[in-house]
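Thanks for coming, everyone. Please take a look at the sequence and the model on the screen, and then we will walk through the sheet, the helix and the rings.

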Amino acid sequence: GVLPNGQEMAVKRLSTQSEQGEREFKNVVFLVARLQHRNLVKLLGFCIEEEEKFLVYEFVSNRSLDYVLL
């Protein structure tokens, strides 16, 4: 997808069968959001709506890992 500012994004929908509660999910999101490394995609946001949980990441095109790391 594309954000209003034109940035491409990737969305991951988490399983509704997950045993992870909303509180634990939010804790993981906040921890991952603090991690910053040039070899990790950035977490742009998340959404919790009823039983659905989504993670929104920056989009990285399909290239080989060695291209991205160099």
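Which residue in strand 3 is the bridge partner of cysteine 47? The partner is phenylalanine 54.

Before going on, some ground rules. This is a predicted model, with residues numbered from 1 along each chain as its sequence is written, and local features need pLDDT of at least 70, while side-chain atom pairs count only at pLDDT 80 or more and totals for chains, interfaces and linings use all residues. Side-chain values use heavy atoms, leaving out hydrogens and water.

Two strands pair if DSSP finds at least two bridges between them.

Take the pairings in turn. Strand 2 (residues 43-49) and strand 3 (residues 52-58) are joined by 6 bridges. These two strands form a hairpin, with 2 residues between them. In the turn, glutamate 50 has a positive phi of about 55°. On to strand 1: 5 bridges join it to strand 3, again antiparallel. There, lysine 12 has leucine 55 in strand 3 as its bridge partner.

Next, the rings. How many aromatic pairs does the structure hold? There are 2. Rings of Phe, Tyr and Trp (its six-membered ring) pair if their centres lie within 6.5 Å; planes under 30 degrees apart count as stacked, over 60 as edge-to-face and the rest as tilted.

Phenylalanine 25 and phenylalanine 46 are edge-to-face, 6.0 Å centre to centre with 75° between the planes. Phenylalanine 25 sits in helix 1 (residues 22-34) and phenylalanine 46 in strand 2, so this pair ties together parts 21 residues apart in sequence. Phenylalanine 25 is buried, at 2% relative accessibility. Phenylalanine 46 is partly exposed, at 32%. Buried means under 20% relative accessible area, exposed over 50%, partly exposed in between (1.4 Å probe, protein chains only).

Phenylalanine 30 and phenylalanine 46 make an edge-to-face pair, with centres 6.0 Å apart and planes at 90°. Ring pairs link Phe25, Phe30 and Phe46 into a cluster.

Last stop: lysine 53, in strand 3. Is lysine 53 buried or exposed? Lysine 53 is buried, yet has no salt bridge. A salt bridge is a side-chain nitrogen of Lys or Arg within 4 Å of a carboxyl oxygen of Asp or Glu. The nearest side chain of opposite charge, glutamate 51, is 5.9 Å away. For charge, Lys and Arg count as positive and Asp and Glu as negative; His and the chain ends are not counted. Not counting residues up to four places away in sequence, lysine 53 touches several residues, including Glu22, Phe25 and Cys47.

Notes: Helices (H or I, at least four residues) and strands (E, at least two) are DSSP runs, numbered from the N terminus. Contact means heavy atoms within 4.5 Å.
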